Amino acid sequence: MDYRQTLDFLYRSLPVFQDVGGSAYKAGLDRIVALEEASGVPHRRFRSVHVAGTNGKGSVSHLIASALSAAGYRTGLFTSPHLKDFRERMRVDGETISEREVVEYVERNRETIGRVQPSFFEITTAMAFDHFARREVDVAVVEVGMGGRLDSTNVIRPLLSVITNIGYDHTQFLGDTLGRIAGEKAGIIKEDTPVVVGESQVETKLVFIERAKALRAPILFADQTYRVADQRFLPDSQRLGIESLLDGNRFEVECDLQGIYQRLNVPTALTALDVLNGSGGLRIAPQDVRRGFASAARATGLRGRWERLGERPFVVCDTGHNESGIAEVAAQIARQTYRKLYMVVGFVEDKDLSRVLPLLPRQAHYVFTKAGIRRALDERELARRAAGYGLQGECVPTVNEALARARELAGPEDMIFIGGSTYVVAEVL
């Protein structure tokens, strides 16, 4: 098989969450263990950092990976979903896995895949671990797919576990309270292994403390370690003034990841790197951290985080898609200056819109659309539901046609926002 045939095999033979939703979710670790055993248990051949959370885990993973690469470590990075190319999911020092390596992995393991019947995400996880071992990475930053306790990435024994924050998402799998969701995320905490939690939320803090205590895992809350004292936005980056809450030291970092919500992610990444630089046994100098943060998006290929796509009109997209993510996006939109706002939005059909639609700005013209996946909510149904929250506009059936319509309507002093779903953003990039 060539690369295109290999991808067709993976997409057609294995349940893919973006297409079929919950039926693609396979809880438990038996299948990933079988896949790994067929490849010689590759995750045991490199050190790792495990990152979970409702929002921010992608940004935190890329920040940590970029800093580790800047410090001279050969660094693997496993994230999901991809936006444009399947190979984005697994990188070594910013370089994606090659098409040839994807084909060769599937050819070597086709019999096992047929016997085990893994999900798409499980085989992707196993492929990433095999790739990192073959490339002899020093350390891999591994982002959880969903939850933590039963996620296929949870076979690793990391140097450090990181949990960014807890919010409402995938409640049908993870639970309908923040405490229950936190319990699933806390499943990545390992015995005698330090854990960094991004936010000390009232509803979840005790869940993490009790889990860490039971496993003798040292625990740090990043919002009790660092504070963003000021945040200044530049055309292609931002500067954050950081205060250490432990010793009062102040310093500044530049970050090429956009979005006001990076004020939450940067302290989490800084705290994680402090732990890796101490009990983690790595050596990461302050200048490595600064270099890594300043080039995180460029070095790792991260896209879709308050990404500017045009000026006059100002066009921006963001992958925030759940309650807390949409709240941050809405807050940043409110900070912008424009004459009129156009919102190109689409959602997946299993999204709890009662939590996200009330957060979106009412003073905007909406172009309701849907991504080209089976799970996408019909744009007319979205418009009907949105009208109940005072959101008005028109319907356009495809994402790129919707963006073209918004550009047709917008003047040079206006703003166009594209989002609601990762898959909507993927189609415009």
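Colleague: Is the crossing of α1 and α5 left-handed or right-handed?

Modeller: The crossing of α1 and α5 is left-handed; this term applies if the near helix is turned anticlockwise from the far one by less than a right angle, and right-handed applies if clockwise. Please note that this is a predicted model, in which local features need pLDDT of at least 70 and side-chain atom pairs count only at pLDDT 80 or more, while totals for chains, interfaces and linings use all residues. Residues are numbered from 1 along each chain as its sequence is written, and side-chain values use heavy atoms, with hydrogens and water left out.

Colleague: At what angle do the axes of α1 and α5 cross?

Modeller: Helix α1 (residues 3–13) and helix α5 (residues 99–116) cross at roughly 45 degrees, and their axes come within 9 Å. That makes α1 oblique to α5. Angles under 35 degrees count as roughly parallel, over 145 as roughly antiparallel, 65 to 115 as roughly perpendicular and the rest as oblique. Axes are lines fitted to C-alpha atoms, for helices over the stretch in contact, and angles run from 0 to 180 degrees between N-to-C directions. Helices (H or I, at least four residues) and strands (E, at least two) are DSSP runs numbered from the N terminus.

Colleague: Which residues make that contact of α1 and α5?

Modeller: Helix α1 contributes Tyr 3, Thr 6, Phe 9 and Leu 10, and among the α5 residues are Val 102, Val 106 and Ile 113; contact means heavy atoms within 4.5 Å. By class, seven residues are nonpolar, one is polar and two are charged. Ala, Val, Leu, Ile, Met, Phe, Trp, Tyr, Cys and Pro count as nonpolar, Asp, Glu, Lys and Arg as charged, and the others, Gly among them, as polar.

Colleague: And α4 with α10, at what angle do they pack?

Modeller: Helix α4 (residues 57–70) and α10 pack at about 45 degrees, with their axes 9 Å apart, and they are therefore oblique to each other. Their crossing is right-handed. Residues in the contact include Leu 63 and Ala 67 of α4 and Ala 269 and Leu 273 of α10. The classes are 10 nonpolar, four polar and no charged residues.

Colleague: Changing topic: what is the strand order in the open sheet?

Modeller: The eight strands run β4-β3-β2-β5-β1-β6-β7-β8, with mixed pairing; two strands pair if DSSP finds at least two bridges between them. The edge strands are β4 (95–96) and β8 (219–221), each of which pairs on one side only.

Colleague: How many bridges pair β5 with β1, and how many with β2?

Modeller: Strand β1 (residues 47–52) pairs with β5 in the parallel sense over five bridges, and Arg 47 stands opposite Val 139. Strand β2 (residues 75–78) pairs with β5 over four bridges, also parallel. On that side, Gly 76 stands opposite Ala 140, and Leu 77 opposite Val 141.

Colleague: Why is β5 largely enclosed?

Modeller: Five of the five residues of β5 (residues 139–143) are buried, so the strand is largely enclosed by the rest of the structure. Buried means under 20% relative accessible area, exposed over 50%, and partly exposed in between (1.4 Å probe, protein chains only). Val 139, Val 141 and Glu 143 cover one face, while Ala 140 and Val 142 are on the other.

Colleague: Last one: is Asp 288 buried or exposed?

Modeller: Asp 288, in helix α11 (residues 286–294), counts as buried at 10% relative accessibility. Beyond its neighbours within four places in sequence, Asp 288 is in contact with Ala 67, Ala 70 and Ala 71.
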